[in-house]
Amino acid sequence: MAMATAKLSSPATSLLAGGRTRRSAPARRATVIRAAAGSYSDELVSTAKSVASPGRGILAIDESNATCGKRLSSIGLDNTEPNRQAYRQLLLTTAGLGEYISGAILFEETLYQSTTDGKKFVDCLKDQNIMPGIKVDKGLVPLPGSNNESWCQGLDGLASRCAEYYKQGARFAKWRTVVSIPCGPSALAVKEAAWGLARYAAIAQDNGLVPIVEPEILLDGDHGIERTLEVAEKVWSEVFFYLAENNVLFEGILLKPSMVTPGAEHKEKASPEAIAKYTLTMLRRRVPPAVPGIMFLSGGQSEVEATLNLNAMNQSANPWHVSFSYARALQNSVLKTWQGRPENIEAAQKVLLVRAKANSLAQLGRYTGEGESDEAKKGMFQKGYTY
């Protein structure tokens, strides 16, 4: 179905062009454009429900080649395609992973790769009832006119890329943008983040991919948890306004929010119970119950912290599936166990299953934290972290 995108220019772009006078966002009025989901509506709802299934969450291995290289260098490996393939093969061929993992977000390279035996990674996932997903954004760049903030690029050519990813077997997508509390955040940055996410979501649905909507509110800063709540509510208010403006099918999306926590440099640490209280307060105020799944990012928390906080949020019923979409919080111990050595693959896969099972229990509200290693308790926050 053709989308009439040309008439819907970004509010941020109109502000930036040639220093012209700021123009308001698209008028808040009813639109005649049909829902972006089009003929894929039923499939999108089915895909979203599959990913948001009880006791399961998402394994995020969509790091760019450069970021994957940083991970590999931490264990003394060069950033080469064979080394990236070997690590991703370790993860995606772990027997029994599908019991705890419902979806895996891949980088474009991985979507088209196969195992050393010639089996497509996409098929490895499908065999375990794990839905293949794909990162579709093109990364962050400076946002002119803002308070030293960023915006996410990648809308140009997105429709054709999504169509190709769908043919390759992907069934959901991810687009990550960020909001920085120490930088304000400026109204411009919030609006640009919300508008970009909404345009991406509409385009992804139009091409059969369930969009994961991810405005990450960075942990950087020394602010308290109340300030994080205030900003999170503002961001998600804007996001859902523009999702509606773009006729995005809410039943066919997934969210990937940050947990509402104090800034990483705040003097007082919040308990899992406090984080759960503030995070659920934000979600209940801003997220419609039509959305099937809330798949939290870990954002630099330790493996155990991320799991404890998720568990606290599942101590009572929620209108959505509240789960996880973790990268470092699922992989950190795995990588350190593997060390790039073939003889360590089995041990590393066992560690992955331990972490995946822990988060599965947290999704069900049954995680205790008993028996966790010291390594799993180490924080992974890096100030100014980039992907």
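The largest nonpolar core of this predicted model has 107 residues, and those with the most contacts inside it are Tyr200 and Leu243. Helix 8, which spans residues 187-206, gives the most to this core, with 11 residues. The protein chain as a whole has 13 helices and 10 strands, and buried residues make up 58% of its 387 residues. A closed barrel of 8 strands, with parallel pairing, runs in the order 1-2-3-6-7-8-9-10.

**The core and its contacts**

- Leaving aside its neighbours within four places in sequence, Leu243 is in contact with Leu197, Ala198, Ala201, Val213, Val248, Phe250 and Ile253.
- Among the contacts in the protein chain with a separation of 6 or more, 80% are accounted for by residues 24 or more positions apart.

- Strand 6, made up of residues 172-179, has 8 of its 8 residues buried, so it is largely enclosed by the rest of the structure.
- Phe172, Lys174, Arg176 and Val178 point one way from strand 6, while Ala173, Trp175, Thr177 and Val179 point the other way, and all of these residues are buried.
- On one pairing, strand 6 meets strand 3 (residues 131-135) in the parallel sense over 3 bridges, and here Lys135 stands opposite Lys174 in strand 6.
- Strand 6 also pairs with strand 7 in the parallel sense, over 8 bridges, and in this pairing Phe172 stands opposite Val210 in strand 7.
- Between these two strands the chain crosses from strand 6 through helix 8 to strand 7, and this β-α-β crossover is right-handed.

**From strand 7 to strand 8**

- Strand 7, residues 210-217, pairs in the parallel sense with strand 8, residues 254-255, over 2 bridges.
- Within this pairing, Ile212 stands opposite Leu254 in strand 8.

**Helices lying across the strands**

- Helix 4, residues 81-92, lies across strand 1 (57-61) and strand 2 (101-106), and the helix runs at about 170 degrees to strand 1.
- Helix 12, residues 328-338, lies across strand 1, strand 2 and strand 10 (321-326), and this helix runs at about 60 degrees to strand 1.

**An enclosed helix**

- Helix 11, residues 303-313, is largely enclosed by the rest of the structure, because 9 of its 11 residues are buried.
- The buried residues of helix 11 are Glu303, Val304, Ala306, Thr307, Asn309, Leu310, Asn311, Ala312 and Met313.
- What covers these buried residues of helix 11 includes helix 10 (272-286), strand 9 (293-296), strand 10, helix 12 and helix 13 (345-363).

**Cysteines**

- A disulfide is a covalent bond between the sulfur atoms of two cysteines.
- The structure holds 0 disulfides.
- Cys124 counts as buried because its relative accessibility is 9%, a value that falls under the 20% cut-off for burial.
- Cys183 is likewise buried, with a relative accessible area of 18%.

Key:
Residues are numbered from 1 along each chain as its sequence is written. This is a predicted model: local features need pLDDT of at least 70, side-chain atom pairs count only at pLDDT 80 or more; totals for chains, interfaces and linings use all residues. Side-chain values use heavy atoms; hydrogens and water are left out. Two strands pair if DSSP finds at least two bridges between them. Helices (H or I, at least four residues) and strands (E, at least two) are DSSP runs, numbered from the N terminus. Contact means heavy atoms within 4.5 Å. Axes are lines fitted to C-alpha atoms, for helices over the stretch in contact, and angles run from 0 to 180 degrees between N-to-C directions. A disulfide is a pair of cysteine sulfur atoms within 2.5 Å. Buried means under 20% relative accessible area, exposed over 50%, partly exposed in between (1.4 Å probe, protein chains only). A nonpolar core is a set of buried Ala, Val, Leu, Ile, Met, Phe, Trp, Tyr and Cys residues joined through side-chain atoms within 4.5 Å. A crossover is right-handed if, with the strands pointing away from the viewer, the path from the first strand over the helix to the second runs clockwise.
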